[in-house]
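Have the sequence and the 3D view side by side as you read.

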Amino acid sequence: MRIRVPLWPRRRCNPWETLHLADVRHAPRDESRWHAYCPGGGYQAGNARDNGTKRRGMAMTRRTRSILLWGIAVTGIALLGLSSRAQAAEERVVYLAAIEPKGGVTVDKEPYPTAELPQGGGYVKKRPDAASGRWEVSVYQFSPATVVVKQGERVTLEIVGINGAKHSVHVDKYSPDHVLVKRGEIARIQFTADTPGLFKIHCKEHEPSMEGHLVVLPR
């Protein structure tokens, strides 16, 4: 049986407007055939399976687009969070102490060493005490002796004086002027680590032992 639905003039052919249920006997049970007649264009044919596949393809396209948009939104939010954390990490405070580790013993246990230590105020060796026979040796140092930062960070070196009356501290390139650190006080050196490399931190009064290193890692 043929069902004809007239097409409106001057319209593009829509196969669904004129249906012809035909060849049902020859089609698979799950495939109802359709034929459409287009004026000036003859017949067009297809089946339900073809159209179901098209509809599923369109649904998959919409679903894929939604997934992509959702993924882009999540990625943008994650990048904003990383950017905020990166900006928060731009500021770094490093705590150092000017210290003087020392040791001593009596001459009856260990004889006083006669070899001279390197020149400068960094090493101190006291001769044996006349009454007790005790002698001592000490060395001035930064603790920690190595500071590691990243290029671009805003760095604050906070140095507290523990031993020694004073320390004139200098950081190559980043602190051209000496900063005075006194016992029981805190001095701060601030700079932006814009150049990667290895730079010395040293004290003028206690060379050569009171020397540290600033390591600026490249981005």
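Accessible areas here come from the Shrake-Rupley method with a 1.4 Å probe, and for residues only the protein chains shown count as cover. On that basis the protein exposes about 14,900 Å², with carbon and sulfur atoms supplying 57% of that area. Keep in mind that this is a predicted model, where local features need pLDDT of at least 70 and side-chain atom pairs count only at pLDDT 80 or more, while totals for chains, interfaces and linings use all residues. Residues are numbered from 1 along each chain as its sequence is written, and side-chain values use heavy atoms, leaving out hydrogens and water.

Now for the overall build. Of the 219 residues, 28% count as buried, meaning under 20% relative accessible area, whereas exposed is over 50% and partly exposed is in between (1.4 Å probe, protein chains only). If you take the contacts (heavy atoms within 4.5 Å) between residues at least 6 apart in sequence, 55% of them join residues at least 24 apart.

On to the charges. Side chains of opposite charge can pair when their charged atoms come close. The count comes to five salt bridges, each being a side-chain nitrogen of Lys or Arg within 4 Å of a carboxyl oxygen of Asp or Glu. One of them joins Arg 219 to Glu 90, with the closest N and O atoms 3.2 Å apart. This pair links distant parts of the chain, 129 residues apart: Arg 219 sits in the segment after strand E14 (211–217), and Glu 90 in the loop between helix H1 (48–88) and strand E3 (91–99). Arg 219 is exposed, at 66% relative accessible area, while Glu 90 is partly exposed at 28%.

Strand E3 comes up again in another pair. Glu 153 and Arg 92 meet through their side chains in a salt bridge (3.4 Å, N to O). Arg 92 is in strand E3 and Glu 153 is in the loop between strand E8 (146–150) and strand E9 (154–161), so this bridge ties together parts 61 residues apart in sequence. Glu 153 is buried, with a relative accessible area of 4%, but Arg 92 counts as partly exposed at 30%.

What does Arg 188 form a salt bridge with? The partner is Glu 158, and their closest N and O atoms are 3.1 Å apart. Arg 188 lies in strand E12 (residues 186–192) and Glu 158 in strand E9, so the pair ties together parts that are 30 residues apart in sequence. Arg 188 counts as partly exposed at 48% relative accessibility, and Glu 158 as buried at 16%.

On a 1 Å grid over the protein atoms alone, a cavity is a set of points where a 1.4 Å probe fits but cannot get out, and a pocket is an open set with protein on both sides within 12 Å along at least five of seven lines; lining residues have an atom within 4 Å of a point. The largest cavity is lined by Lys 102, Val 124, Lys 126, Glu 136, Val 137 and Ser 138. Strand E6 (134–139) gives the largest share of that lining, three residues. The lining of the largest pocket includes Tyr 112, Pro 113 and Val 124.

Conventions:
Helices (H or I, at least four residues) and strands (E, at least two) are DSSP runs, numbered from the N terminus.
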